[in-house]
Amino acid sequence: FDGFCGANPKSQRKIRFVHEMAWQQHFVTNMFIRANSSSELEGFEPDFTVINACSQVDEDWEKHGLNSEVAVVFNVEKKCAVIFGTWYGGENKKGIFSLMNYWLPMEDPPQLPMHCSANVGKDGDSALFFGLSGTGKTTLSADPHRALIGDDEHGWDEDGVFNFEGGCYAKTINLSEKTEPDIYRAIHKDAMLENVALKDEGDKFVPDYFDTSKTENGRVSYPIFHIDNYHEPQMAGHPNNIIFLSCDAFGVLPPIAKLTPEQAMYHFISGYTAKVAGTERGITEPSATFSACFGAAFLTHHPTRYAELLKEKLEKHNAKAWIVNSGWSGGPYGVGERMSISTTRNCVNAILDGTIGDTTWEKDRVFGWEIPASIPDVDPDVLHPRNTWPDPKEYDEAEKKLAEMYVANFEKYAGKGDTDYTQYGPKV
């Protein structure tokens, strides 16, 4: 498969994939930008080639200092990568994303690669959703009232934001038309299900998105145009709002909070969320983690380099930054309940339609961010997580513990980069 990464021609890269499995070739056909005509591929000289040898393994993985016989090996100078031992479709796209994280900050002028989804409103107001797998990045950007730019990987340059990909890679766990209509309806001819169980219904097999007996990391890949209201140019102007999505397993973070520009840099570098069951091998229940820039695994420069680029963009284009928690409320995992999709979406809607500007704010005494007093169609008590816990003192202890984790994690970034953002973190 010969295709492209990056919707903006100014920084677009030509990518060639060689696979031993036909379904993997179909995967990249869904996920990367296709040529509009055969003439675009005449004399095609790839900027990078990926060879997927999934049936081969690294038998000397221990000697090579790896964690398993799986290896994804890149040689930037030779413009080539080889995938060994994993049949997971996502490896094809994430390797190229890591390369975009390497290439774009070295462009002139520098560009910001981002692990985020993006959409745009009817008035051209674009928004970015940063977050790791399982935080709602794909779900929340698929909005029936806004056009989807992309669900996972984007760049931000002098023209605005643009999609790296030509498709979407959505989680299917508990998928239903009622809760996620856009994604559900995108699953038709040419969409490809991966790690999804089938059930027998009469004379045919149909997907069972609620069967997680094998894995919770069920996926579907489909071309972007399977979303009815996708944004055909795959590019939009500079974003008005930047949303950091977290899945807080401790039940401490509010469902929504407003950040100052300095706090935004602190939380961007911190990248707090939880590892959600099924996303990584060995994770059977959520556990707290910090992933710099909400994508540490894909960063090829120091995290502060990406933070400096984001700071420049925020200041230049006067974008607002927010924390949105799609995790637990009323207690930690196992005690409280996870936020409903409708609660999280109503918080996001208030940001994007501007109604959040009609409320009053209360500053959190530990984290310093501001929490709204009210949001349309959201229980006011839920907005203040301390009010949802049976014992407020237990909440205070949990908040202190999480704040200490933030502080300890950020010690490695103290004094790095142009600005030390340590002072904009929680106070313990």
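Trainee: Leaving aside neighbours within four places in sequence, which residues is Asp396 in contact with?

Mentor: Asp396 is in contact with Arg365 and Arg386, where contact means heavy atoms within 4.5 Å. Before we go on, this is a predicted model: local features need pLDDT of at least 70, side-chain atom pairs count only at pLDDT 80 or more, and totals for chains, interfaces and linings use all residues. Residues are numbered from 1 along each chain as its sequence is written, and side-chain values use heavy atoms, with hydrogens and water left out.

Trainee: Okay. With which side chain does the side chain of Asp396 make a polar contact?

Mentor: That's the side chain of Arg386, at 2.8 Å. A polar contact is a pair of N or O atoms within 3.5 Å; within protein, one must be able to donate a hydrogen and the other to accept it, and residues adjacent in sequence count only if both atoms are side-chain atoms.

Trainee: And where is Asp396 found?

Mentor: In helix H9, residues 392-410. Helices (H or I, at least four residues) and strands (E, at least two) are DSSP runs, numbered from the N terminus. The C-alpha atom of Asp396 is 54 Å from that of Glu20, and the two are 376 residues apart along the chain.

Trainee: Switching to H5. How many of its residues are buried?

Mentor: Eight of the ten, so H5 is mostly covered. Buried means under 20% relative accessible area, exposed over 50%, and partly exposed in between, with a 1.4 Å probe and protein chains only. Among the buried ones are Met265, Phe268 and Ile269.

Trainee: What about Ser270?

Mentor: Ser270 is in H5, residues 261-270, and it counts as buried because its relative accessibility is 1%. Beyond its sequence neighbours within four places, Ser270 is in contact with Phe290, Ser291, Ala292, Tyr406, Asn409 and Phe410.

Trainee: Which residue follows H5?

Mentor: Gly271, and its phi is positive, near 60 degrees.

Trainee: Then there's Thr273. Where does that sit, and is it buried or exposed?

Mentor: Thr273 is in strand S19, residues 272-275. It's buried, with a relative accessible area of 1%. A polar atom of the Thr273 side chain lies 3.1 Å from the backbone nitrogen of Cys247. Outside the four places on either side in sequence, the contacts of Thr273 include Leu132, Ser246, Cys247 and Thr289.

Trainee: How about Cys116?

Mentor: Cys116 belongs to strand S6, residues 112-120, and is buried because its relative accessible area is 0%. Its contacts, sequence neighbours within four places aside, include Phe129, Lys137, Asp152 and His154.

Trainee: Zooming out, how many helices and strands are in the chain?

Mentor: Nine helices and 25 strands. Of the chain's 428 residues, 54% are buried.

Trainee: What radius of gyration does the chain have?

Mentor: It has 21 Å, which agrees with a compact globule of 428 residues, since that would be near 22 Å. The radius is taken over C-alpha atoms, and the globule rule is 2.2 Å times the number of residues to the power 0.38. The C-alpha atoms fill a box of roughly 60 × 60 × 50 Å along the principal axes.

Trainee: Last one: among contacts between residues at least 6 apart in sequence, what share joins residues at least 24 apart?

Mentor: In this chain, 70%.
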